[in-house]
2 protein chains.
Amino acid sequence: MGNAQRRVTAAYEGIERAGRPEVWIGLRPEEEVRAEAKDVDARVAAGEALPLAGTLLGVKGNIDVRGLPTTAGCPSYGYEPAADAPAVAALRAAGAIVLGTTNMDQFATGLVGTRSPYGPVSSALAPERVAGGSSSGSAVAVALGFVDLALGTDTAGSGRVPAAFNGIVGLKPTRGLVSTDGVVPACASLDCVSVFARTLPEARRALALLASPVPPPRRPGPWRVAVAATAQLGELDDGWAAAYEAAQERLARAGAQLRTIDLTPFGEAAALLYEGAFVAERYTAVGEFVERGGADLDPTVARIIRAARDLPAHRLFADRERLAVLRRRAAAELGDADALLLPTAPGHPTSAQVAADPVGANTRLGRFTNSANLLDLCAVAVPAGEVAGRPFGVMLLGAAGCDERVAQVAELLEPPLRLAVVG
Amino acid sequence: MGNAQRRVTAAYEGIERAGRPEVWIGLRPEEEVRAEAKDVDARVAAGEALPLAGTLLGVKGNIDVRGLPTTAGCPSYGYEPAADAPAVAALRAAGAIVLGTTNMDQFATGLVGTRSPYGPVSSALAPERVAGGSSSGSAVAVALGFVDLALGTDTAGSGRVPAAFNGIVGLKPTRGLVSTDGVVPACASLDCVSVFARTLPEARRALALLASPVPPPRRPGPWRVAVAATAQLGELDDGWAAAYEAAQERLARAGAQLRTIDLTPFGEAAALLYEGAFVAERYTAVGEFVERGGADLDPTVARIIRAARDLPAHRLFADRERLAVLRRRAAAELGDADALLLPTAPGHPTSAQVAADPVGANTRLGRFTNSANLLDLCAVAVPAGEVAGRPFGVMLLGAAGCDERVAQVAELLEPPLRLAVVG
């Protein structure tokens, strides 16, 4: 039995043992996947160069995988895709083997991981806490070792917040870099396909197969990293400010030059994403479907999307003007910094806290991630130790096209304090 | 007395004699203008190179001119600008002399020229018919010889329809080519500053002082001009189809290669401008002001702007997606054509016809012009003879950056049948 087949067998055993069926929307039959693995093994044996041969892949439920319905977390919305999404096809062409589609906040509307008729997803490492979303299943599948890589999507932070809450790496490419064809849109003009992996090199290798960003030139010299004064971060979970400062110190010890910047334009852009008219694009995508109603609609998601119907277009024009100003201000703050270091989220709520305040708890989670796509930044979320025995994650944000550069800066934080990987 | 002073004196005499006070919102005192002219004459005498020395300029009432209130056709909206708009400043720096600000459809909302508390403006050449708008006063001031050049603005066709109805040239540059700073926005993301002149060379010289477009490369060979089948133009005024075909023949005789294309994407984009959500940008610009009410609001304009309040943002996102498709289809139809020849308007309504159906008559006028800014085209409207003793105009549209090229094609139609110039 070849390597790919062995890995598939082990993965299905681990999935069975872990007892986390809510991670998946559509786990493929083991026999079918094994047949694919056998083919990959045969091609490798025949000398074919497959950089991801035997790499096990999970795909968020809003991304087309041939042979599985695309549901976006809503079974009655589901359709049979004609083909793999280009992002899936690129990884498969490199030898990756798709185990199935993963659970998610319905229509990618949420950062919590609990808004799904397939069941709430809890953190791989802190079961009483949420997995984060909307790419909840993809992140947990990677964290639990079910798969090596998973694709997510990221509009407000869905490819980063779940990375932070499960102690893994989440790479959100520059907007437009990776095709979003075959992806159910959340906000079509902001959506990105993102990559989860347990380590940065694995995530970077996957991104290299998906896209080749062309970074703007950089001024020579040491890495320059912008950071925020803790006072500008707002309230954080206990111990998170100290953990953020520890990450700064680690970068400084690794030779990076730190500079404190004013986060105001980033915070104002983040607020625009949910408080402004941009959310109306979610209604453009699935509003008519949601209006028709359906027993499997998540009530919070349906409420948010229905409310987006009434946002006026004149406000969208005003928000776009405002955003243009904020983009210039944010770029001025970043200056020649290679990256901006921030906590990925302000805290990690329990499932009970989210249930008690579904919208408020969700909004809080996007405080640092929401601005990235509006400001045309790329980002990588990486583990940065633990607080109170639970994962703490930071995010490095960079200018459009600087995906590789930002990942290089993130590598200065490696190796993170290791977190147990189950499965 | 130098040339500039003589021209100013003659112009004020002509303006006085013509008895068309509704052309102006703010005609400057003759003494003040003469003092400026004296200065220009002195600079020329001293050897300064002023390419527009003594050229008389009218400026549409929504463009800032230092020393005159900017009203956008609504006195209670008016403000004292801090400086000339950059477009005005550029022409003044070249020696042009501003006589005043010109009448317009209020807030540049109209193609008729009748929607103004400063009085309706009728055509220079057919007094029972409308001047066309919204740059009504600028076009008539040029046609009547009050000024040599006038600045207008063009969102839906406001720089072209009045050119056609007054037998002059209207040049609408590529969007973004000429600064719209110091211009009261209509639809800020679509607005252009435009140029009126009696001849193409004068209009082109002015544009050259305002901007330097960089055209995309063209395939060598004769001019290639796309035209439409008359059946695709919809109903036209009597004799206008034949006049359009005569313009085609004239281009062919001048050596241009004609090719009939499908106008459908152009027509669908044109409809999007008024029937879609883009009009909401007018509410973004002046909605709050219009909501407060005011005795000098034009009732039709106020109704249109108030209705734009309720256009939903989700429709704007959908319209933008639709427009992206139409842009590709329109570009495919144009192919390697240097220009698309169309009538500027489908007909020339009488003032009575506009009064009887203010919105319907206006909508009809934009049938061929509305798509240009949405599809990112440049355009020039030029006289092309007469029908029933009244001016008939055609428009040449071209790809972004091809402003000069489109004007060169338009020159093949020169000299037009001369129309009487009064004043």
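In the predicted model, H11(B) gives the largest share of the lining of the second largest pocket, namely four residues. At least two residues of this lining come from each of H11 of chain A and H11 of chain B. The second largest pocket has a volume of about 390 Å³. It is lined by 13 residues, and those closest to its centre are A:Phe317, A:Arg320, B:Arg175, B:Ser189 and B:Arg320. By class, the lining of the second largest pocket comprises six nonpolar, one polar and six charged residues.

Two or more lining residues are contributed by each of helix H9 (280–291) of chain A, helix H11 (313–334) of chain A and helix H11 (313–334) of chain B. The lining of the largest pocket divides into twelve nonpolar, five polar and seven charged residues.

Cysteine pairing was examined over all chains, and zero disulfides were found in the whole structure. A:Cys378 takes part in no disulfide, the nearest cysteine sulfur being that of A:Cys402 at 5.8 Å; a disulfide requires the two sulfur atoms to lie within 2.5 Å. A:Cys378 has a relative accessibility of 1% and therefore counts as buried, the cut-off being under 20%. B:Cys187 is likewise in no disulfide, and the nearest cysteine sulfur, that of B:Cys192, lies 11 Å away. With a relative accessible area of 2%, B:Cys187 is buried.

Definitions and conventions
Residues are numbered from 1 along each chain as its sequence is written. Chains are lettered from A and ligands numbered from 1 in the order in which they are written. This is a predicted model: local features need pLDDT of at least 70, side-chain atom pairs count only at pLDDT 80 or more; totals for chains, interfaces and linings use all residues. Side-chain values use heavy atoms; hydrogens and water are left out. Buried means under 20% relative accessible area, exposed over 50%, partly exposed in between (1.4 Å probe, protein chains only). Ala, Val, Leu, Ile, Met, Phe, Trp, Tyr, Cys and Pro count as nonpolar, Asp, Glu, Lys and Arg as charged, and the others, Gly among them, as polar. On a 1 Å grid over the protein atoms alone, a cavity is a set of points where a 1.4 Å probe fits but cannot get out, and a pocket is an open set with protein on both sides within 12 Å along at least five of seven lines; lining residues have an atom within 4 Å of a point. Grid points are joined across faces, edges and corners, and a volume is the space filled by probe spheres set on the points.
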